[in-house]
Amino acid sequence: MAEDFTGFAVDKSNPFLVVVQCLYMVADEAAIKAAAGSKGASGLRPCLRCNAVYGQQTNLRGFPSISEDDYRRFVIQSDQDVKDTMTFLQQHADRPTRLKEKLSGWHLVPESFVMDATCKKFLQPSRVQYDAMHIYFSNGIVGQELGLIFSAAMDAGLNQEALGNFLALPWAAPQSKKIAAFQLRELAKLLKRGSDFKGDASQTLHMLPLMAFFSSEVLSGIEALSLQCASLEKLNLVCLQIQASKQNAKAANGLSDAQRSHFQAFKAAYASEAARPKHHYAFHLEAQVAASACMLDCFTCERKNKKFISIAENIVKLQDFEKSVLLRWLEADAEQCLRLTEDMPDHEVLSSPSALLPPDVLGEHVTISKCMYCPWGTISAGDFFLEGQDAAYKILACMLRDGSGEVLALQHDRLLSRGPEMSWSKWSNGNRAVLIPVEIVMHMAAVSFACADDGQIYLLR
Ligand SMILES: [Zn+2]
């Protein structure tokens with residue numbers, strides 16, 4: 001491969017150069033270990049990005065522990081540092097290297113990309129990204145803390161039925177993340193005393209805002225749980241900031257400080273010994289976003305993988321199999337441009353908005369549906385969005401007018417009470433319908449759960 005690498009060729013018989021400006025590797029920790037040759041979470045030096053050491057190894061002067069919350073103490077390893085380490089290990093390869101590998105945090109693996117002469121020209125250790133999904137939601141920090149606060153609450157005398165009753169309230173999630181009431185109640189069964197919450201990443205994403213609200217409304221009334229409740233509230237704020245930074249990379253500014261504040265609260269509630277390497281890896285996310293200008297995570301990879309499988313299993317001809325899959329995949333992606341769903345009967349859709357809006361507002365060249373696909377996601381009737389503390393909107397219908405997307409929404413403009421950073425909010429009932437361009441809706445905060453209660457509505461972000 002040439003020194004001035006700019007891409008790679010696909011299709012050997014009729015080569016086509018795919019131009020690449022920048023390569024990043026986003027993966028869970030096991031894949032990073034396997035591809036890079038780093039020691040990972042089980043090693044004395046679990047982090048491939050810095051000099052942190054596992055556990056309470058305070059006797060190693062100059063090497064902060066993974067339970068350190070002052071992220072400014074971590075010394076970042078440059079690509080040159082890693083190169084020097086690998087050269088050193090190679091030079092001593094004829095002698096036992098286990099201790100040297102242990103102290104350096106790297107294995108001598110000739111097949112790894114940091115050793116392979118071709119690979120290391122276009123993928124450097126600094127381009128390996130820790131993944132927010134695996135750090136927080138997939139067997140991550142959130143699952144651990146949900147298990148810990150549940151265990152502490154049971155120890156403090158919580159009746160598990162109280163949590164079951166809370167989850168049985170008529171919570172409504174956005175259509176695109178719909179979860180049935182029985183599935184919601186099932187989430188409580190994934191909490192077991194003495195172990196992590198056992199849900200997958202999307203179940204964990206569902207459970208966090210609900211449990212954070214349950215904690216602030218119910219558990220915070222139990223004095224023995226004040227530290228645990230404070231920690232979960234801060235963890236929820238960190239996760240909201242991560243979600244926001246997927247929409248807008250600038251939202252990641254200050255993430256490390258929010259993580260530090262949470263980590264301090266976590267250690268106060270559960271002791272430093274409960275800290276895991278993922279608490280440490282999390283501190284590298286803000287710098288990653290600053291370098292790549294986006295919050296990369298494995299949710300996208302997993303969605304693509306599911307899409308690939310759903311397309312591939314319907315293709316029976318094996319000739320040009322890859323081309324067929326990629327072509328259909330491209331078509332499916334192209335359909336995600338701004339469009340309305342076509343399967344909604346007009347009379348059903350029109351019954352509510354036409355009652356709220358005079359006909360001349362809608363005009364002639366308007367098509368209406370309950371659901372709209374946009375490049376950044378799906379908006380459906382029944383979904384809620386927050387415009388800071390000023391208003392909450394319930395989507396009534398989606399419409400296309402001359403190629404532009406708009407939503408008809410019921411505006412709730414009286415905020416009655418709220419949690420920090422609008423993590424939860426309570427509004428009086430909506431009183432007027434408004435039309436909003438989708439470009440404005442996409443900058444509003446999405447709501448994870450809504451629950452109507454006696455003329456008022458609770459919204460959880
Ligand atoms: Zn580190």
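Trainee: How are residues numbered, and which pLDDT do local features need?
Mentor: Residues are numbered from 1 along each chain as its sequence is written. This is a predicted model in which totals for chains, interfaces and linings use all residues, side-chain atom pairs count only at pLDDT 80 or more, and local features need pLDDT of at least 70.

Trainee: How many helices and strands does the protein chain have?
Mentor: Helices (H or I, at least four residues) and strands (E, at least two) are DSSP runs, numbered from the N terminus. On that basis the protein chain has 19 helices and 17 strands.

Trainee: What share of the protein chain is buried?
Mentor: A residue is buried if 20 or more other C-beta atoms, placed from the backbone, lie within 10 Å of its own. Of the 461 residues in the protein chain, the buried share is 36%.

Trainee: Are H10 and H11 roughly parallel or roughly antiparallel?
Mentor: Two packed helices are described by the angle between their axes and the distance between the axes. Axes are lines fitted to C-alpha atoms, for helices over the stretch in contact, and angles run from 0 to 180 degrees between N-to-C directions. The axes of H10 (residues 226–247) and H11 (residues 255–270) come within 8 Å and cross at roughly 155 degrees. Angles over 145 degrees count as roughly antiparallel, and H10 and H11 are therefore roughly antiparallel.

Trainee: Which classes of residue make the contact of H10 with H11?
Mentor: Two residues are in contact if their C-beta atoms, placed from the backbone, lie within 7 Å. Among those that meet are Leu 227, Leu 235 and Val 238 in H10, and Leu 255, His 262 and Phe 266 in H11. Ala, Val, Leu, Ile, Met, Phe, Trp, Tyr, Cys and Pro count as nonpolar, Asp, Glu, Lys and Arg as charged, and the others, Gly among them, as polar. The contact has eleven nonpolar, seven polar and one charged residues.

Trainee: At what angle do H9 and H10 cross?
Mentor: H9 covers residues 201–217, and its axis comes within 9 Å of that of H10. The contact includes Leu 208 and Met 211 of H9, and Leu 232 and Glu 233 of H10. The two axes cross at roughly 145 degrees.

Trainee: Which strands stand at the edges of the open sheet of four strands?
Mentor: Two strands pair if DSSP finds at least two bridges between them. The order is S12-S13-S17-S16, with antiparallel pairing. Each edge strand has a single partner, so one side of it is left without a neighbour in the sheet; these strands are S12 (415–418) and S16 (449–453).

Trainee: Which residue stands opposite Lys 426 in S17?
Mentor: S13 (residues 424–428) and S17 (residues 456–460) run antiparallel and are joined by five bridges. Lys 426 of S13 also has Ser 417 opposite. In S17, the residue opposite Lys 426 is Tyr 458.

Trainee: Which residue has a positive phi in the turn between S16 and S17?
Mentor: S16 and S17 pair in the antiparallel sense over five bridges, with Ala 452 opposite Ile 457. They form a hairpin with two residues between them, and the one with a positive phi, about 55 degrees, is Asp 454.

Trainee: Which helix lies across S13, S16 and S17?
Mentor: The helix runs at about 120 degrees to S17. The helix is H9.

Notes. Parallel < 35°, antiparallel > 145°, perpendicular 65-115°, else oblique. Buried ≥ 20, exposed ≤ 12 C-beta atoms within 10 Å, placed from the backbone.
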